Amino acid sequence: MTELHPALRENVRMLGELLGESIRHKPGEDCYRLVEEVRHAAKADRRQESGSGQRLGQLLGGLSDEQLVPVTRAFNQFLNLANLAEQYHNVRRHRDHDKESSVEPVEQTLARLRAQGVPPERLAECLRDMRIEFVMTAHPTEVARRTLILKYDEMSACLASLDTQDLLPEEESRLRERLRVLIAEAWNTDEIRHDRPTAVDEARWGFAVIENSLWQALPSFLRRLDSALSESTGEPLPMTATPIRIASWMGGDRDGNPNVTAEVTRHVLLLSRWMAADLYLRDLEVLRAELSMWEATPELQSRAGNSREPYREVLTALRERLRRTRDWAEAKVQGRPDDGNDILLENADLIEPLQLCYDSLMACGLSVIANGPLTDTLRRAHSFGLELVRLDIRQEASRHREAVAELVAHLQLGDYLEWDEQQRQDFLVAELQSRRPLIPRHWQPSAPVKEVLDTCKVIARQPADALGSYVISMAREPSDVLAVLLLLQETGTQRPMRIVPLFETLADLQHAPDAMDALLSIPWYRDYIAGRQEIMIGYSDSAKDAGQMAAAWAQYQAQELLTATAERHGIHLTLFHGRGGTVGRGGGPANRAILSQPPGSVNGSFRITEQGEMIRFKFGLPTVAEQSFMLYTSAVLEATVAPGPAPQQAWRDAMAWLTDRSLKEYRDIVREHPDFVTYFRQATPEQELGKLALGSRPAKRKASGGVESLRAIPWIFAWTQMRLMLPAWLGSDRALSAAMDEGLEPTLREMIQQWPFFGTHIDMLEMVLAKADLRIVSYYEQRLVEERLRPLGQSLRERLRACVTLVNDLKGQPHLLQDVPVFAHSMQVRNTYTDPLHYLQAELLRRDRESKGPVPENVERALKVTMAGIATGMRNTG
C-alpha cells in the first residue's frame with residue numbers, strides 16, 4: 001500500500017497536533033486523553049484481521065451524555081483538517097507537475113491533440129466557441145458552515161506560505177502561530193447550523209464562492225489558456241471568448257420547494273446585480289490607480305473631454321454608473337424608492353468603456369499595460385456580466401399543466417388535462433401564434449397558479465442576460481415545453497428564453513428522443529429556438545428509480561439518440577448533465593465522465609450542475625478552481641475534436657443483457673421486498689437527517705410517501721452514513737455475476753479496456769465499493785435493526801461482499817483500488833477517524849430512538865456532528 005506523500009503526511013501531522021493543543025486547552029486534559037484512547041482503539045481494531053470493532057464499540061458505548069459532544073467534535077474536526085490538507089496537496093502536486101496529479105495541463109492537452117493530427121485551426125476554433133457552464137444548485141449538501149469554511153481557506157493559504165523555500169525563521173513561526181489561532185477558533189466555533197438556510201441564504205453562499213475564489217480564478221485561467229492557445233496554434237483567445245460561464249439554481253429552483261417564490265427570485269436577481277456592481281467597483285479602483293498615462297487615441301480623448309488623464313476620466317464615469325447601479329439594487333431589495341436613473345442594465349454598457357481604454361492603449365503601443373489588470377476586468381465583464389451569475393428557473397411540469405388547465409377551464413374551452421398530447425400541442429401552438437392575449441385582465445387564478453404566473457412576470461421584467469435556462473423537471477412530452485412558452489408569452493416575456501426539458505426517470509429517458517423529435521418537428525418551435533436546443537439529463541432520480549447500472553445505460557442511449565435527433569433537424573444540441581457529487585447521483589472524476597460520453601454528444605458545449613460540498617472542493621480556492629476549469633476545458637476539447645469510437649454491437653448487446661437483469665434485481669429489493677423500507681429506516685439515519693439543516697428544500701417532494709417520494713440527496717446520504725452504499729451497486733452485483741456465469745467475462749474485460757463508458761462505470765463502482773464497510777454496516781444492524789429484519793441485512797452484506805470479489809476478478813487484481821493507491825491510502829487514514837463517528841452515531845441513534853421523553857440536547861447535538869463528520873470523511877453527502 002502506497003504511503004502518504006511526505007509533505008502531505010507532515011501537514012496532516014502538524015494540523016492534528018495543533019488540534020490536540022486546542023482540545024487540551026479546552027475542555028481539558030481528560031478530554032484529550034479520552035480522544036486519544038478512542039483513536040488508538042480505532043487504529044488497533046483496524047489492524048486486527050477480523051476488524052470486529054468490539055473494543056471501540058464498548059469504549060464509545062460507555063460515554064456519558066456530557067462526553068459525547070467533545071469526542072464527536074474532535075473526530076469531525078480532524079476530518080475537516082485532513083480534507084484541507086489533501087485539497088492543498090492536490091494544488092501542490094499540480095504546481096510541481098507531479099506525475100500523480102489528475103489534472104493534465106492544458107498545454108499538454110493541446111500538444112497531445114496536435115500530435116494526434118488535429119489541425120491547429122480546429123483547436124483554435126473549438127476553444128474560441130467553447131461554452132462550459134457550471135450551474136451551482138439550489139439545494140447544497142454542504143454540511144460545513146460558511147464561517148468555518150473561511151477559516152479553512154485561510155489555513156490552506158498558511159500551508160501554501162509554509163511551502164515557500166526561502167522563509168525566514170520568524171516568518172515560519174508567524175505562520176505556524178496563525179495556524180494555531182485558526183484551529184483554536186475553529187475548535188471553539190459551533191460547526192452545526194441550527195437554522196435551515198433560506199433560499200436567499202443559499203444564493204448569498206453562491207455569490208461568496210464567486211467573490212472569494214472564482215473572481216480571481218477565471219481571468220487567471222483565461223490568461224493561461226490564451227498563452228497556451230497562442231503557443232500551440234499561433235492564435236490568441238479572443239477577448240470576447242467565454243469558454244467558462246457560471247449559472248445558479250439558488251433562488252430559482254422551485255421544484256418541490258415552496259420556499260422559493262417569485263418574490264425570492266426577484267430578491268436574488270437584485271442581490272446578484274448588487275454583488276456584481278460591488279465587485280466591478282473594486283476592480284475600477286485598481287484600474288484608476290494604474291491607468292495614469294496621458295497618451296490616448298482621439299476617440300478616448302473625445303470621451304474624456306481632453307483630460308490630462310483620459311483613462312481615469314473614462315473609468316471615473318463608469319465608476320459613478322456602477323455606484324448608482326449598486327445603490328439602485330440595494331434600494332430595490334430594501335423596498336425603498338429609486339428611479340434607477342443612469343444605471344447599468346446591459347452588459348454592453350459595462351464593456352464598451354473598458355474596451356475603449358484597451359483599444360487606446362494597444363493603439364498607442366502600450367500593449368504591456370493593456371494586457372495587465374484591464375484585460376482581467378474585461379474578461380470578467382464578458383464572462384460574469386452585470387448579473388454575476390445567470391439564474392436558472394426550475395419548476396415541475398405538472399405545475400405548468402395545472403396553470404394552463406385552470407386557464408382553459410376559466411375560458412370554458414374544455415378540460416386540458418383530459419386532452420391527448422396532440423390536442424394539447426395544437427391548442428398551445430395556435431395560441432403561441434395568436435396576436436390576441438389569452439389571459440383575461442381580471443382573472444383571479446388559484447394561489448398555486450398565481451405563483452407560477454408571478455414567476456413568469458418576474459422573468460419578463462429582467463434584462464436578457466440575467467437569466468439562464470427555464471428547466472422543466474419531470475418533463476415528458478412536447479406540450480410540457482410549449483406550455484411554459486405560452487405562460488411566458490402571456491405574462492409579457494418578449495425575447496426568446498432557453499426552455500429545457502429535464503428527463504429524469506428511466507421511462508422518461510427512454511421516451512425522450514421521440515418527444516424531442518416531435519417537438520423539433522413543429523415549425524413554430526424550430527423558428528423560436530433559432531438552431532439551438534438544450535436538454536437536461538437527470539442522473540439522481542433515474543439512478544434511484546432503476547439502479548445505477550440501468551440508469552447509466554439509459555442515460556447513454558438517450559444522449560446518443562438525442563444527439564442524432566438534433567443532427568437530423570439541423571440543431572446544435574447542448575446536453576445539461578444533472579450530476580451530483582456521489583457516484584449514485586452520477587458523480588465521479590470529471591474528465592473521465594466527459595470522455596465517456598457518447599461520441600458527438602459534447603460538441604463544444606457542456607452544462608453541468610455542481611452542488612454542495614463539491615462546489616467547495618472544486619471551486620472553493622482560486623488555485624483549485626483554476627485546476628477544475630483546466631480539467632473540464634481539456635476534457636471538453638478532447639471529446640469535441642477527438643471523440644472516442646462508438647461501442648461495438650456486441651458491447652451494446654451485453655449492456656442490454658446486463659441492465660435487464662440489474663433493473664429487475666434492484667427493483668425486486670427496493671420496490672418489492674416487503675421489509676425493505678422498514679429496514680432502510682431502521683438501519684440508516686434517514687429519518688433523523690431532517691435535524692441537519694442542509695438546505696432550504698424539504699427532504700421529500702411530498703410530505704407523505706415512502707422511499708419513492710424521498711429526494712435523491714437524503715436517499716444517498718442515508719446509505720453513505722452507515723457505509724452500505726447500496727444505491728450505487730445494488731442490481732449490478734447480480735447482473736455481473738450472471739454475466740460471468742454465462743461466459744461473458746472476456747466480453748466484459750474487453751469493454752472495460754476499450755470502451756470509456758463501461759470502463760469508467762466499473763471504476764466508479766470500484767470506488768464506491770472501496771468506501772463501503774461491512775463491519776460498520778453490521779454494527780449499525782446490531783444496534784438499530786430489529787431481529788426479524790436482520791436476514792435482509794445479512795443478504796445485502798453478502799451481496800456487497802460478492803460484488804467486491806466480482807470487480808476484483810473482472811479487473812484481474814487482488815484488492816480494490818490497486819491502480820489508485822493514493823486514494824486507497826487516503827481512505828485507510830480516514831477510517832481511523834470515521835470509525836469512531838460511525839460507532840458513536842449508531843449509539844446515538846439508539847439512545848435517540850429509545851428515549852421516552854425529550855432527547856437530551858447533548859445527544860441530539862452529537863448526532864448532528866456525527867452526520868457532518870461522516871459526510872466530511874466520505875468527501876460527499878448526496
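Strands E3 (residues 390–396) and E4 (residues 467–473) run parallel and are joined by five bridges. Here strands are DSSP runs of type E with at least two residues, helices are H or I runs of at least four, and both are numbered from the N terminus. Two strands count as paired if DSSP finds at least two bridges between them. Within this pair, Leu391 faces Leu467 of E4.

A word on the source: this is a predicted model, where local features need pLDDT of at least 70 and side-chain atom pairs count only at pLDDT 80 or more, while totals for chains, interfaces and linings use all residues. Residues are numbered from 1 along each chain as its sequence is written, and side-chain values use heavy atoms, with hydrogens and water left out.

Back to the sheet. Eight strands close into a barrel, in the order E1-E2-E3-E4-E5-E6-E7-E8, with parallel pairing. On average, neighbouring strands of this sheet are turned by 25° against each other, direction ignored. Axes are lines fitted to C-alpha atoms (for helices over the stretch in contact), and angles run from 0 to 180 degrees between N-to-C directions. Helix H25 (residues 622–641) packs on the sheet, touching E1 (131–136), E2 (244–248) and E8 (605–610), and its direction makes about 135° with that of E1. Contact here means heavy atoms within 4.5 Å.

Now for E6 (residues 532–538), which is mostly covered, with six of its seven residues buried. Buried means under 20% relative accessible area, exposed means over 50%, and partly exposed is in between (1.4 Å probe, protein chains only). E6 pairs in the parallel sense with E5 (residues 498–503) over two bridges, and there Leu502 stands opposite Met536. With E7 (residues 572–578), E6 also pairs in the parallel sense, over seven bridges; Gly538 is opposite Gly578 there.

On to the cores. A nonpolar core is a set of buried Ala, Val, Leu, Ile, Met, Phe, Trp, Tyr and Cys residues joined through side-chain atoms within 4.5 Å. The largest has 120 residues, of which Tyr679, Leu724, Trp729 and Phe758 touch the most other members. Helix H4 (residues 65–95) gives the most to this core, namely 13 residues. Leaving out residues up to four places away in sequence, Phe758 touches Met655, Leu658, Leu748, Met751 and Ile752. Another core lies apart from it, with 92 residues, among them Ala217, Leu279, Ile351 and Leu361.

Tyr679 also turns up in helix H27, where the buried residues are Phe676, Tyr679, Phe680, Arg681, Gln682 and Ala683. That makes six buried out of eight in H27 (residues 676–683). They pack against helices H26 (649–672), H28 (712–721), H29 (726–729), H33 (774–784), H34 (790–811) and H35 (821–850).

Next, the rings. Phe134, Phe221, Phe619, Phe629 and Tyr632 form one aromatic cluster.

| Charged residue | Ring | Distance to ring centre |
|---|---|---|
| Arg73 | Trp187 | 4.4 Å |
| Arg424 | Tyr416 | 5.0 Å |

Last, Asp415. This residue lies in the loop between helix H15 (397–410) and helix H16 (421–433). Asp415 counts as partly exposed because its relative accessible area is 41%.

Terms used. Rings of Phe, Tyr and Trp (its six-membered ring) pair if their centres lie within 6.5 Å; planes under 30 degrees apart count as stacked, over 60 as edge-to-face and the rest as tilted. A charge sits over a ring if NZ of Lys or CZ of Arg is within 6 Å of the ring centre and within 35 degrees of the ring normal.
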